[in-house]
Amino acid sequence: MSNPKISVIMPCYNEAERISKSVASVFQQSFTDFELIIVDDGSTDNSLEVLSELGSQYPNLHYFSQTNKGAGPARNRALKEAKGETIAFLDADDSWDTNCLLNLYKKLESDRDATIAYGGWQNIGLEENKCKPFIPPSYETPNKIETLLRGCRWPIHAALTRTSAIKAVNGFDEQWTSCMDYNLWLHIASFNKIVLVPKILAYYHHHQGEQITKNRI
């Protein structure tokens, strides 16, 4: 069997109650040439039991377990297993539009010079004025680096990146406990072409549980 076009990477830490919905949003994609790699990062709930059940349900879902090291090391562990030519990231408590992967992959295929395709997103679970759909502008401009340095321009699950580009920067810097995706985008997007898909592709689900982006420090 040939390698998949996309490797979807998902870290999991104590997400037994939510991960099934996120996995379902992956397998509901209209684009089907992918593998899903989940790394359980030392969960203390029954996440591994849930992953075992999901693994028997979905044949191209592969899961691994490690002692608790954080989201960055968990994603790097998954990157070592990834066989796809491109990489998509989805956290165990978020979801995608059914055409997310299709739109992102088609955009990269239409421009072989592009390294990252990114799109719009919507917050779920906050007050109404903070849940409006947002489509970012095109950042491939002469002042791109300056713009990127002002802040992270898309969430980790609203982008598709060529695997070769991620490997070229050695994946995630494991000293970061938060914003590790922003650090990755800076290293890649600053020096490679990026392209916009002007559609809402990703949904960020806010809740009371543990979330990486709540670590503001």
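Me: In which loop does F191 lie?

Reply: The model is a predicted one. In it, F191 lies in the loop that runs between α7 (180–189) and β8 (193–205).

Me: Why is F191 called exposed?

Reply: The term exposed requires over 50% relative accessible area. F191 has 66% relative accessibility and therefore counts as exposed.

Me: What makes the nonpolar surface patch to which F191 belongs?

Reply: I145, L149 and F191 make this patch, with an area of about 340 Å². Nonpolar side chains are joined into a patch within 5 Å, and each residue must have over 30% relative accessible area.

Me: How many salt bridges does the structure hold?

Reply: The structure holds 7 salt bridges. One of them joins the side chains of D91 and R75.

Me: Why is the contact of D91 and R75 called a salt bridge?

Reply: The criterion is a side-chain nitrogen of Lys or Arg within 4 Å of a carboxyl oxygen of Asp or Glu. For D91 and R75 the N to O distance is 2.7 Å, so the contact qualifies.

Me: What makes this pair a tie between parts of the chain?

Reply: D91 lies in the loop between β4 (86–89) and β5 (95–96), whereas R75 is in helix α3 (residues 71–81); the pair therefore ties together parts that are 16 residues apart in sequence.

Me: How do you know whether D91 and R75 are buried or exposed?

Reply: Buried means under 20% relative accessible area. D91 has 11% and is therefore buried; R75, at 2%, is buried as well.

Me: How do you know that R77 and E81 form a salt bridge, and where do they lie?

Reply: Their side chains meet at 2.4 Å, N to O, and the limit is 4 Å. Both residues lie in helix α3, 4 residues apart, which is about one turn of the helix.

Me: What class does each partner receive in the salt bridge of R112 with E109?

Reply: The closest N and O atoms of this pair are 2.3 Å apart. R112 has a relative accessible area of 51% and is therefore exposed, while E109, with 36%, is partly exposed.

Methods. Residues are numbered from 1 along each chain as its sequence is written. This is a predicted model: local features need pLDDT of at least 70, side-chain atom pairs count only at pLDDT 80 or more; totals for chains, interfaces and linings use all residues. Side-chain values use heavy atoms; hydrogens and water are left out. Patches are made of residues with over 30% relative accessible area and no salt bridge: like charges are joined within 9 Å, nonpolar side chains (Val, Leu, Ile, Met, Phe, Trp, Tyr) within 5 Å. Accessible areas come from the Shrake-Rupley method with a 1.4 Å probe; for residues, only the protein chains shown count as cover. Helices (H or I, at least four residues) and strands (E, at least two) are DSSP runs, numbered from the N terminus. Buried means under 20% relative accessible area, exposed over 50%, partly exposed in between (1.4 Å probe, protein chains only).
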